[in-house]
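Hi,

Here is the structure I said I would pass on.

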Amino acid sequence: FNKAKYFYSYDPFTFLNTISSLCGCITIIVPFANFKNVTEIYSEKFCHYGLAYGDNEQEIEYAIRTIHKVREELQKYDDKYFKNKIDSLIQLLKTKFNFK
C-alpha cells in the first residue's frame with residue numbers, strides 16, 4: 001500500500017480499505033448494489049474517511065481531503081469499543097461473584 005497511489009476494492013467490507021487509507025493510498029471502492037455512498041454502507045465513522053465510492057473526481061477529492069481523519073476516528077472507535085468490553089466484563093464479574 002505504501003507504493004501504490006490507488007487501491008481499488010471490490011469488497012467494501014474488508015478492513016484492507018482502512019489499512020490502505022492508513023498507508024496513504026486513495027482507496028476506491030467499486031460501486032455495487034444500490035448504495036449511493038460510503039455512509040450508506042458503513043456505520044463506523046472511520047470507514048467514511050479516506051475512501052472514494054467510485055472513481056469520479058468528487059469522490060476522489062473527498063478521499064484525499066479526509067484521509068488524515070482515518071487514524072483519529074479509528075482510535076476513537078477503538079477506545080470506545082474496549083471501554084464497552086471492559087464495562088461488560090466488570091458487570092459480568094460483579095454478577096458472578098456478587099460484588100457491589
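**What turned up**

F1, F15, L16 and I19 together make a nonpolar surface patch of about 330 Å². For patches, the residues taken have over 30% relative accessible area and no salt bridge, with like charges joined within 9 Å and nonpolar side chains (Val, Leu, Ile, Met, Phe, Trp, Tyr) within 5 Å. The accessible areas are Shrake-Rupley values with a 1.4 Å probe, and for residues only the protein chains shown count as cover. Helices (H or I, at least four residues) and strands (E, at least two) are DSSP runs, numbered from the N terminus. L16 counts as partly exposed because its relative accessibility is 40%; the scale is buried under 20% relative accessible area, exposed over 50%, and partly exposed in between (1.4 Å probe, protein chains only).

Before going further, the provenance: this is a predicted model, where local features need pLDDT of at least 70, side-chain atom pairs count only at pLDDT 80 or more, and totals for chains, interfaces and linings use all residues. Residues are numbered from 1 along each chain as its sequence is written, and side-chain values use heavy atoms, with hydrogens and water left out.

Now the charges. A salt bridge here is a side-chain nitrogen of Lys or Arg within 4 Å of a carboxyl oxygen of Asp or Glu, and the count comes to two. K76 pairs with E72, with the closest N and O atoms 3.6 Å apart, and K76 also meets E73 at 3.2 Å, N to O. So E72, E73 and K76 are linked in a network of salt bridges. K76 and E72 are both in helix 3 (residues 70-97), four residues apart, about one turn of the helix. K76 and E73 are three residues apart in that helix, also about one turn.

Two strands pair if DSSP finds at least two bridges between them. Strand 1 is joined to strand 2 (residues 26-29) by four bridges, and S9 stands opposite I29 in strand 2.

Cheers
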